[in-house]
Amino acid sequence: MKISYNWLKQFIKIDLKSEETATLLTDLGLEVEVVEKYQSVRGGLEGVIVGHVLTCEKHPDADRLSITTVDLGDGSPVQIVCGASNVAKGQKVPVATIGTKLFDAAGVEFEIKKGKIRGQESHGMICAEDELGLGTSHDGIMILDATLKPGTPAAKVFNVENDEVFEIGLTPNRADAMSHYGVARDLRASLLQKNSSVELITPTVSTFRIDKRTLKIDVDVKDSKLAPRYCGVTISGVTVKSSPAWLQNRLKAIGLTPKNNIVDVTNYILHDLGQPLHAFDASKISGKIIVKTVATGTKFVTLDDVERTLHEEDLMICDGKGPLCIAGVFGGKGSGVTETTNTIFLESAYFNPVSIRKSAKRHALNTDASFRFERGIDANITEFALKRAALLIKEVAGGEITSDIVDIYPKKIEDFPVFLNFDKTAKLIGQELPKETIKKILASLDIKVNSVTDAGLGLIIPSYRVDVQREVDVIEEILRVYGYNNINFTKKLNATVANSARTEDYKVQNIVATQLNSLGFHEMMANSLTSPDYVKLSEMLKEEYNVMMLNPLSNDLSTMRQSLLFSGLEAVSYNINRKNSDLKLFEFGKTYHKLPSGYNEPKHLTLFVSGNRVAESWTTSEKPSDFFLFKGFVDSVLNRLGICKIQNKPVASDVFADGIAIANGNDTLVEFGTVKKSILKHFDIKQEVFFADFNWNLILKLINNKIKFTDIPKYPEVRRDLALLVDNTVAFDSIYSIARQTEKGLLKNINLFDVYEGKNLPEGKKSYALSFTLQDITKTLTDEQIDKIMNKLQKNLETEVGASLRK
């Protein structure tokens, strides 16, 4: 939300610097994220002054150029070459002096420099209105009032407004602060706490009068629960045109584009008081205004030329023929104010926040009006805001008020009581505040003290504070105005130490995260909400298992994810598109499934690797990550957790082009491999991506919490190598299993260090180069023992997989 400092000062007279005010607002909970400068004319016409043309002669070498001598008010006239046909001796003109920075039509900055034009020196530029940002005309230079003195800054002549704009990160509960008046009200409370006497200036509507009663439009509210209060009035004889400069500047400062004087006033009041308004062309209203819901399927064209299908719960502003406006959300094309409008019906209302929120979400419309209505505005300023808007419209568009105000308010929204206990206040704040300080803060927040006892205060909360409903809410209000920074820290430190098992989920996660960090991985956290279309990328996922959101923000965030793969690939794609293509990522997260037996939320650990192994460097050449490197990462996680009773099996998931599953018995611990190119193409990823999906719940069950320690062996290891010729269909895993079964005691390690296929090998064969490490922890192995084991290994490999020694 943007707040103009000049606008804010209309409600509260302060002379603080913007930085000081920003600090006060932030301390109040209205966090100022940035303070930006605003100028009604870009650049503020700095360096542009009034000049007096003393002489004007034709350029000797250019028919379309003139050489002028211009008095700039400093007693030293300068020569300026001008190309405008209307420049003449005796004129008062705007001159951009040397060093002035102007902006072209595209907004690109350029600097005025001393130069030569066709051989003649030029010390500045006599400007047209488009060159100064004062209009669009480029027919010639601007001719100023002859009474102006040379040297007068152009900013004074054209009343350039300089402002500072606060960008406030407003929390959703602070509906009362969604306007300049609301922010000023909070700021006053803070200043009063600091003993700075300031007054909140409330705009007056005492001049509101009914000029004549010639155009009455009746209003019929069918459902007062959806529209608890509805006000309206007619204004006739208005002239729709551009707004005056002051009104345009107010709106431009907070990022709004002025449209016309009627619409601009409604937008002004919305940001001024926080009350949304809507102006209808009264000539397009048939009969009376009817506030009601309509049948599901009713078609309605909104101001943005989009035909929308209405729902039976959408509250609509209608006339005798049909809908005119989606109440509190968006106007209709057929009833809006245009250049030909001369009579308007001005609406000011309070609508049910839940109803407005549902309609806005249903039609994917997020407007300034719906933003406020759905959070809860002040129902008791509805008529006041209407009068203020009507007076402003008369001021900027002319016309007369031609009806009494219609005000349908069957059940007034009352202020409500809350009891504040002093002891509880001190306990929650952590410090006992003086009772008089508490009363002063409450008074500054318009919270009335109805009764006083030794135990506490009986309070009356104003109805517009929809976020202050309980005692704890009142305590929060006291604390934020008193200042969180003013609360003292206790010198006493209390701490508790929880006794938890080493295999607690969070502890194991930290162990694995540390392990992966040491391998170069970065942790990511993706959104659990995703697109329902992702289930179509894998046959393992079922559309009927999707857990759908009731009120999704968008279709892309309407489903709880069934797999962590696709949200991870979104992150991979996002990074690659920003030239960060060497990636190692991991994520702990849940998937969500709607099963016939109920909802299921299994937890997973996923790994993603793509790009080069290490960053580009003069000491290393590029080497892409490969399947076996990735398998090492997967194995390192299992090894770190002491999970060793595992076996490989074919991968079941269809998201892999090549993959392996690691299982414990019949239970799959992890599936990993290379993601299919068809899936990568969906995310516009052109490089290889490796993905692993760990069943985290199962891994937690298998963790061995018992740690065994052994002495370092005193006796040496022995290594023997074999070069085996095997069929292409034989996997290393088969050889590994045979070797382990052959020698369980002395065989410590088996390593595949070379694989060769191709020239000089029989067709259908490949070569495996293997190393076998043997060790006896009780004695030194003899050659006889070693040879016996190796002969047995060779024989079993020949028998089981047809392996032979390569010659």
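Student: How many cavities of 30 Å³ or more does a search of the whole structure find?

Tutor: The model is predicted, so local features need pLDDT of at least 70 and side-chain atom pairs count only at pLDDT 80 or more, while totals for chains, interfaces and linings use all residues. Residues are numbered from 1 along each chain as its sequence is written, and side-chain values use heavy atoms, with hydrogens and water left out.

The search finds three cavities of 30 Å³ or more. On a 1 Å grid over the protein atoms alone, a cavity is a set of points where a 1.4 Å probe fits but cannot get out, and lining residues have an atom within 4 Å of a point. Grid points are joined across faces, edges and corners, and a volume is the space filled by probe spheres set on the points.

The largest cavity has a volume of about 70 Å³. Its lining consists of 13 residues, and Thr530, Tyr534, Arg561, Gln562 and Phe566 lie nearest its centre. Strand 31 (559-560) and helix 15 (565-576) are the elements that give two or more residues to this lining; helices (H or I, at least four residues) and strands (E, at least two) are DSSP runs, numbered from the N terminus.

The second largest cavity has a volume of about 40 Å³. Among the residues that line it are Asp176, Gly182, Arg185 and Tyr464. Helix 5 (residues 180-193) gives the most to this lining, with three residues.

Serine 190 also lies in helix 5. Serine 190 has a relative accessible area of 2% and is therefore buried (under 20%, with a 1.4 Å probe and protein chains only).

How values were computed. 1 Å grid on protein atoms, 1.4 Å probe; cavity = no way out; pocket = protein on both sides within 12 Å on 5 of 7 lines; lining within 4 Å. Buried < 20%, exposed > 50% of the residue type's maximum accessible area, 1.4 Å probe, protein only.
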